[in-house]
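We will go from one selection to the next.

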Amino acid sequence: LREGETLRVSSGSLVCMTSTVDFDVATVPGFKNVLFGGQGLFVTTLTGPGTVWLQGMPPQRMISEIARRVPSGGGIGLAVPIPGMGGGGGGEGGGGEPSSGPTSG
């Protein structure tokens, strides 16, 4: 971080920082965040100068965090493929094998 530059991160993703970085931990305001916050209930605001090290989330957890923040009912949809949750694999209707031409019999 440069002098005076700030970065807000989920408190669970902060690994370490140099001693020159100032930090403040706060709760995310809002009733929904209190009820459904989980790990996202606290955010850390980091102010430079200095270096911070962050850790990422495992892909499944990241998908879950994004999906729970997408509003339901209306608006644009966000397609997030989830393995084993239906879709794909078949052709258009019918279910039989395609014909390869005339057959005798």
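## First stop: Thr44

Select Thr44 and show what surrounds it. Beyond its neighbours within four places in sequence, Thr44 is in contact with Leu7, Arg8, Val9, Ser11, Leu14, Phe23, Asp24 and Val25. Keep in mind that this is a predicted model.

Is Thr44 buried or exposed? Its relative accessibility is 2%, so Thr44 counts as buried. The cut-off for buried is under 20%. Now colour residues 42-47. That is strand S4, and Thr44 sits in it.

Find Thr6, then look across to S4: Thr47 stands opposite.

While the strands are on screen, look at the side chains. In a regular strand they alternate between the two faces of the sheet.

## Leu7

Select Leu7. Leaving out residues up to four places away in sequence, Leu7 touches Leu1, Thr44, Thr45, Leu46, Val52 and Leu54. How far is Leu7 from Val52, C-alpha to C-alpha? The distance is 9.7 Å, while 45 residues separate the two in sequence. Leu7 has 30% relative accessibility, so it counts as partly exposed.

Phe42 counts as partly exposed because its relative accessibility is 39%.

Move to Pro49, in the loop between S4 and S5. Show the backbone and find the bond joining Gly48 and Pro49. What kind of peptide bond is it? It is cis, with omega at about 20°. Most peptide bonds are trans.

## Zoom out

Show the whole chain as a cartoon. The protein chain has two helices and five strands. Along the sequence they follow the pattern β-β-β-α-β-β-α.

Now count contacts with a separation of 6 or more. In the protein chain, 70% of them are between residues 24 or more positions apart. Buried residues, such as Thr44, make up 12% of the 105 residues. The accessible surface comes to about 8,400 Å², and 59% of it belongs to carbon and sulfur atoms.

## Last stop: confidence

Colour the chain by pLDDT. The average is 72, and 57% of the residues score at least 70. Which element has the highest mean pLDDT, and which the lowest? Strand S5, residues 52-54, has the highest, at 91. Helix H1, residues 31-36, has the lowest, at 55.

Finish at residues 90-99. Here the pLDDT is below 50. This stretch has zero contacts in the model beyond near neighbours in sequence. Where pLDDT is low, the predicted coordinates should not be read in detail.

Notes
Residues numbered from 1 in each chain as written. Predicted model: local features only at pLDDT ≥ 70, side-chain atom pairs only at ≥ 80, totals over all residues. Heavy atoms only, no water. Helix = DSSP H or I, 4+ residues; strand = E, 2+ residues; numbered from the N terminus. Buried < 20%, exposed > 50% of the residue type's maximum accessible area, 1.4 Å probe, protein only. Contact = heavy atoms within 4.5 Å. Areas by Shrake-Rupley, 256 points an atom, 1.4 Å probe, with all protein chains shown as cover. pLDDT = per-residue confidence, 0-100. Pairing = 2+ DSSP bridges.
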